[in-house]
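Colleague: I'd like to learn how to read a structure like this one. Could you walk me through it, feature by feature?

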Amino acid sequence: MPNPTAAMLVIGDEILSGRTRDANMHYLAGQLTEAGIDLKEVRVVSDDAPAIIAAVRALAETHDTVFTSGGIGPTHDDITADCIAAAFDTPIDVRDDARAILQAHYDRAGTELNAARLRMARIPDGAALIENPVSAAPGFTIRNVHVMAGVPAVFQAMVASILPTLTGGAPLISRTLRVLRGEGDIAGPLGDFAQQFSDLSVGSYPFQKDGIYGSNIVVRGTDAAQLDTAMTTLESIINA
């Protein structure tokens with residue numbers, strides 16, 4: 001039985017402009033791999049409402065789970081929550097449980113829960129809150145979409161709370177064979193190997209160092225015994 005699939009939507013002009021380097025995709029990919037959930041697609045969109053809405057709808061229809069990152073803060077350009085609500089034709093407003101979380105947090109800090117900060121308590125109807133132990137402002141889950149902050153520390157904390165609620169499959173295992181030959185020399189036998197083990201993922205990642213050409217051949221699958229057999233076969237094919 002195939003593993004569940006996931007997609008990620010990264011939201012923010014700062015990512016597309018190069019001002020901010022996204023670290024959340026790398027983190028999420030590693031966590032999902034360990035959980036046996038296959039991350040199949042990642043999209044990056046600007047702070048543009050129609051683009052966010054269209055992407056959410058498309059990804060939610062084609063994957064078991066969708067994770068979003070960014071755009072749920074207190075400023076005018078944090079429009080993700082409204083876009084998610086629009087994507088599912090769901091009303092959105094300040095919710096009492098989210099307000100209470102923020103009120104308690106800002107009371108402890110001796111800071112006013114002003115109108116801008118209260119924006120972070122706007123939650124679509126029917127959504128479940130995602131705990132944020134770092135800065136209190138919650139994310140939320142609606143249908144199969146998990147809406148989370150873009151700040152890496154907060155994103156990671158939210159992922160930690162979401163993953164135990166998801167049904168995973170078999171964790172993906174990888175094996176690597178380092179070959180000191182150019183890809184042009186190994187392409188033929190590598191293609192034959194990939195056909196022989198068609199249920200495994202086979203990738204070739206070339207490198208050049210000190211004038212030497214080579215490639216790291218990475219084989220991925222969920223069955224350790226099958227991978228061991230495949231790697232023995234690969235070595236014999238490449239070295240023939």
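Colleague: What volume does the largest pocket have?

Modeller: A pocket is found on a 1 Å grid over the protein atoms alone: it is an open set of points where a 1.4 Å probe fits, with protein on both sides within 12 Å along at least five of seven lines. Its volume is the space filled by probe spheres set on the points, which are joined across faces, edges and corners. Here the largest pocket comes to about 460 Å³. Keep in mind that this is a predicted model, where local features need pLDDT of at least 70 and side-chain atom pairs count only at pLDDT 80 or more, while totals for chains, interfaces and linings use all residues. Residues are numbered from 1 along each chain as its sequence is written, and side-chain values use heavy atoms, with hydrogens and water left out.

Colleague: Which residues lie nearest the centre of the largest pocket?

Modeller: Lining residues have an atom within 4 Å of a point. There are 28 in this pocket, and Gly70, Gly71, Ala149, Gly150 and Val151 lie nearest its centre. By type, the lining splits into 13 nonpolar, nine polar and six charged. Nonpolar covers Ala, Val, Leu, Ile, Met, Phe, Trp, Tyr, Cys and Pro; charged covers Asp, Glu, Lys and Arg; the others, Gly among them, are polar.

Colleague: Is Ile123 buried or exposed?

Modeller: Buried means under 20% relative accessible area, exposed over 50%, partly exposed in between, with a 1.4 Å probe and protein chains only. Ile123 has 1% relative accessibility, so it counts as buried. Ile123 sits in strand β5 (residues 122–124); strands are DSSP runs of E, at least two residues, and helices are runs of H or I, at least four, numbered from the N terminus.

Colleague: And what does Glu41 touch?

Modeller: Contact means heavy atoms within 4.5 Å. Neighbours within four places in sequence aside, Glu41 meets Ala6, Ala7, Met8, Leu59 and His63. Glu41 belongs to strand β2 (residues 38–45) and is partly exposed, at 25% relative accessible area.
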